[in-house]
Amino acid sequence: VRSHQIAILLITAFSVTCTQIPLFNYLGFEFSALTTLVSSIIVGLLTISAWKRRQLASGGSLEQFIDIAVLYSLLVTTIPFVIMSLNAFLVKNCSYVEGAMLFLLLVLPAVALAQVIALSVAVSLHRWNKTLFLLIHLGILLHIPFVTFTGIQIFAFNPIMGFFPGFTYDETLNVIGRLAVYRVETVAMIVLLWLFTFWLEKRKNVRGPWRGVVPIKQRWIAGGLGLVIAAFIWFSDDLGLSSSLSSVKSRLGGETETEHFIIRYPSRMKHTQVQDLVLLHEFYFEQISKELHVSIRRKIESFVYESPEQKGRLVGAARTDISKPWLWQLHINLDDVEQSLKHELVHVMAAEFGLPLLRISTNSGLIEGTAVAVERVSYDAVVHRTAALAFAIDVRVNMGDLFSVSGFFKAHPGVSYTLAGSFCRY
């Protein structure tokens, strides 16, 4: 069948292409996450086509279609797994076993969920079912930017994507445990949707109330699955699957309010340490206000975490200090306060002349360059001198590229931050 051949060709071409792209050419998180997005769409569309073709040809019930549906899922997920496993002979994997576990936890549940969503849509509608499936698929994925933009966290657990770590790179990403727990909820969703899809199909042939369509035993099963899903949502913060402002505040324990800040910190900090933290915040605030010529009329929320492990679990980006200018927040590890506080505070205070809503620039070179320019130093030396040394040793960087959409991240961070900072300072 032509649709089968196209699906196999697409997933094979995708997998082979990934073998030639660094970071995606081994069985790791990045490859599995991308495969999740591609394979879930392919399986969903293929399932709708197969169901429609079967109904037009010979009819048949949904129970008789299950074997074919499972075959599609296995086919589309096995091909990329086999190709990338073979590529492991050419490209060294950090841990093949861990990569295989991530693939199973990310890809298989996502494909199964996409397939049952596609089937429920195909059973319900005769027209526009592929369009509706794609819209539902997109809607589920939009949960990720909604959570990471409006909430305190930069990571997100998602039914389709599985896990989104945020836009900061974390070499020590350790999420298998939490992902395995989260996928229990996904499996509950899948089974509940399968039951619902069976009921939809039976409803077409049975007149009268839904009570005659749904057996007592299946009602109890559906109720139990609903309770499982509700429990996961209710205890999401406790399970480490999400973070609310209240949960982060309670886990840190300490809080103090100053003229310009609400500072939240580990409760184990001594009174003198807290005083030093307060003074440093207000000192930098005064410096940056004069440097940027801004007048901030609202208090900035500063979160100081006891360790990278605590920060990674609560908001993400374990070893990378971050800020959320649109929420007037900055998040820093306790050991990084002296070296990172001023830099992250610039990001937040520069929100006064950022884009509407986002309150930042879309240009990474300008964002980071401005922060370094206000700091004036890079690697404990005046930023202009450090930049001059970079050119003196013939570092080949196109300054125009540093201020393009993606060019800032192509150069070594030490070079891009320094040169962008020197340029912005000038």
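Directly after helix 9, Gly253 adopts a positive phi of about 95 degrees. The model is a predicted one, in which local features require pLDDT of at least 70 and side-chain atom pairs count only at pLDDT 80 or more, whereas totals for chains, interfaces and linings use all residues. Residues are numbered from 1 along each chain as its sequence is written, and side-chain values use heavy atoms, with hydrogens and water left out. Helices (H or I, at least four residues) and strands (E, at least two) are DSSP runs, numbered from the N terminus.

## Overall composition

The protein contains 16 helices and nine strands. Its C-alpha atoms fill a box of roughly 75 × 50 × 40 Å along the principal axes. Of its 426 residues, 50% count as buried; buried means under 20% relative accessible area, exposed over 50%, and partly exposed in between (1.4 Å probe, protein chains only). Among contacts with a separation of 6 or more, 66% join residues 24 or more positions apart, a contact being defined by heavy atoms within 4.5 Å.

## Helix 9

Helix 9 comprises residues 245-252, and its buried residues are Ser247, Val248 and Leu252. These residues cover an arc of only 130 degrees around the axis, which places them on the same side of helix 9; the arc is that of the directions from the helix axis to the C-beta atoms. Ser246 and Ser250, on the other side of helix 9, are exposed. The buried residues of helix 9 pack against strand 3, strand 4, strand 5 and helix 11 (308-314).

Arg251 also belongs to helix 9. With a relative accessibility of 36%, Arg251 counts as partly exposed. Leaving aside residues up to four places away in sequence, Arg251 touches Asp237, Asp238, Gln310 and Leu314. The C-alpha atom of Arg251 is separated by 8.8 Å from that of Ser267, 16 residues apart along the chain.

## The sheet and its helices

Five strands form an open sheet in the order 3-4-5-7-6, with mixed pairing; two strands pair if DSSP finds at least two bridges between them. Strand 3 (253-257) and strand 6 (322-324) stand at the edges with a single partner strand each, so one side of each has no neighbour in the sheet. On average, neighbouring strands of this sheet are turned by 15 degrees against each other, direction ignored.

Strand 3 pairs with strand 4 (residues 261-266) in the antiparallel sense over five bridges. The two strands form a hairpin with three residues between them. Within this pairing, Gly253 stands opposite Pro266 in strand 4, and Glu257 stands opposite Ile262 in strand 4.

Helix 10 (residues 271-292) packs on the sheet, where it touches strand 3, strand 4 and strand 5 (300-305), and its direction makes about 145 degrees with that of strand 4. Helix 12 (residues 337-349) lies across strand 4, strand 5, strand 6 and strand 7 (329-333) and runs at about 165 degrees to strand 7. For these angles, axes are lines fitted to C-alpha atoms, for helices over the stretch in contact, and angles run from 0 to 180 degrees between N-to-C directions.

## Helix 5 and helix 6

Two packed helices are described by the angle between their axes and the distance between the axes. Helix 5 (residues 129-141) and helix 6 (residues 143-150) pack at about 20 degrees, with axes 4 Å apart. The two helices are therefore roughly parallel to each other; angles under 35 degrees count as roughly parallel, over 145 as roughly antiparallel, 65 to 115 as roughly perpendicular and the rest as oblique. Helix 5 contributes Gly139, Ile140 and Leu141 to the contact, and helix 6 contributes His143, Ile144 and Pro145. By class, this contact has four nonpolar, two polar and no charged residues. Ala, Val, Leu, Ile, Met, Phe, Trp, Tyr, Cys and Pro count as nonpolar, Asp, Glu, Lys and Arg as charged, and the others, Gly among them, as polar.

Most residues other than glycine have a negative phi, and most peptide bonds are trans.
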